[in-house]
Amino acid sequence: MMKKFSFLILLGVLVLAACGGGSSSNSTPIPLATVPAEYAGRMNPFDVSAAVDGANVFKTNCATCHGETGKGDGVASQSLDPKPADLMELSRRVDDDYLFWRISEGKPGTSMVAWKGILTEEQIWQAVTFIRTLK
Ligand code: HEC
């Protein structure tokens, strides 16, 4: 009897820990999706020097939401649900094709719009290169 009771308490603690922080979902790692076939395996045509142009693309188009250093803390981020992704954290877990796909096509159900047509492919790759330099 006693054993069962302490098990329930342990379970409760675990559930609380898993939900930890509640509203600060910004720090919860984003579940990754599978890159669609038309984007899978695409490679960045630029080397690291493109990060300079990428920084400008990012500053102009992305920083209001994602913040200057990509942490998801831009001025517009407070009013968004879900909050903009922490790109530094995401960048450690995904390949270039993932970033290029998401930026090109956006993320349905969030305020992340599709940037193809707004930015050129070159600009999107430059932004990817910049995101890779975030530390
Ligand atoms: C209007 C605000 C806004 C702007 C501007 C914006 N984003 Fe986003 N971005 C978001 C939100 C919100 C998400 C979704 C976060 C989530 O799913 O939890 C997101 C997600 C992302 C993701 C990850 C998607 C995923 O979950 O796999 C990447 C990469 C990204 N943005 C890059 C960019 C880049 C690069 C730019 C500029 C070209 C940009 N974003 C501009 C709000 C914005």
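Which residues do ring pairs link into a cluster? They are Tyr 39, Phe 100 and Trp 125. This is a predicted model: local features need pLDDT of at least 70, side-chain atom pairs count only at pLDDT 80 or more, and totals for chains, interfaces and linings use all residues. Residues are numbered from 1 along each chain as its sequence is written, and side-chain values use heavy atoms, with hydrogens and water left out.

**Aromatic cluster**

- Four aromatic pairs are counted. Rings of Phe, Tyr and Trp (its six-membered ring) pair if their centres lie within 6.5 Å; planes under 30 degrees apart count as stacked, over 60 as edge-to-face and the rest as tilted.
- Tyr 39 and Phe 100 make a tilted pair, at 5.9 Å centre to centre with 55° between the planes.
- That pair links distant parts of the chain, 61 residues apart. Tyr 39 is in the loop between helix H1 (2–19) and helix H2 (51–61), and Phe 100 is in helix H5 (residues 96–105). Helices here are DSSP runs (H or I, at least four residues), numbered from the N terminus.
- Phe 100 also pairs with Trp 125: the ring centres are 4.1 Å apart and the planes are at 10°, so this pair is stacked.
- Trp 125 lies in helix H6 (residues 121–132) and Phe 100 in helix H5, so the pair ties together parts that are 25 residues apart in sequence.

**Burial of the cluster**

- Tyr 39 is buried, at 7% relative accessible area. Buried means under 20% (1.4 Å probe, protein chains only).
- Phe 100 is buried at 1%, and Trp 125 is buried at 3%.

**Ligand site**

- The ligand sits in the largest pocket. A pocket is found on a 1 Å grid over the protein atoms alone, as an open set of points where a 1.4 Å probe fits, with protein on both sides within 12 Å along at least five of seven lines. To sit in one, a molecule needs more than half of its atoms within 2 Å of its grid points.
- The elements that give two or more residues to the shell around the ligand are helix H3 (63–66), helix H4 (87–91) and H5. H5 gives the most, with four residues.
- Around the ligand are 23 residues (a heavy atom within 4 Å). Cys 62, Cys 65, His 66, Tyr 98 and Met 112 come nearest.
- The shell divides into 16 nonpolar, four polar and three charged residues.

**Polar atoms at the ligand**

- A polar side-chain atom of His 66 lies 2.7 Å from a ligand nitrogen atom.
- An N or O atom in the Tyr 98 side chain is 2.4 Å from a ligand oxygen atom.
- Arg 102 places a polar side-chain atom 2.9 Å from an oxygen atom of the ligand.

Note on methods: Buried means under 20% relative accessible area, exposed over 50%, partly exposed in between (1.4 Å probe, protein chains only). A polar contact is a pair of N or O atoms within 3.5 Å; within protein, one must be able to donate a hydrogen and the other to accept it, and residues adjacent in sequence count only if both atoms are side-chain atoms. On a 1 Å grid over the protein atoms alone, a cavity is a set of points where a 1.4 Å probe fits but cannot get out, and a pocket is an open set with protein on both sides within 12 Å along at least five of seven lines; lining residues have an atom within 4 Å of a point. Ala, Val, Leu, Ile, Met, Phe, Trp, Tyr, Cys and Pro count as nonpolar, Asp, Glu, Lys and Arg as charged, and the others, Gly among them, as polar.
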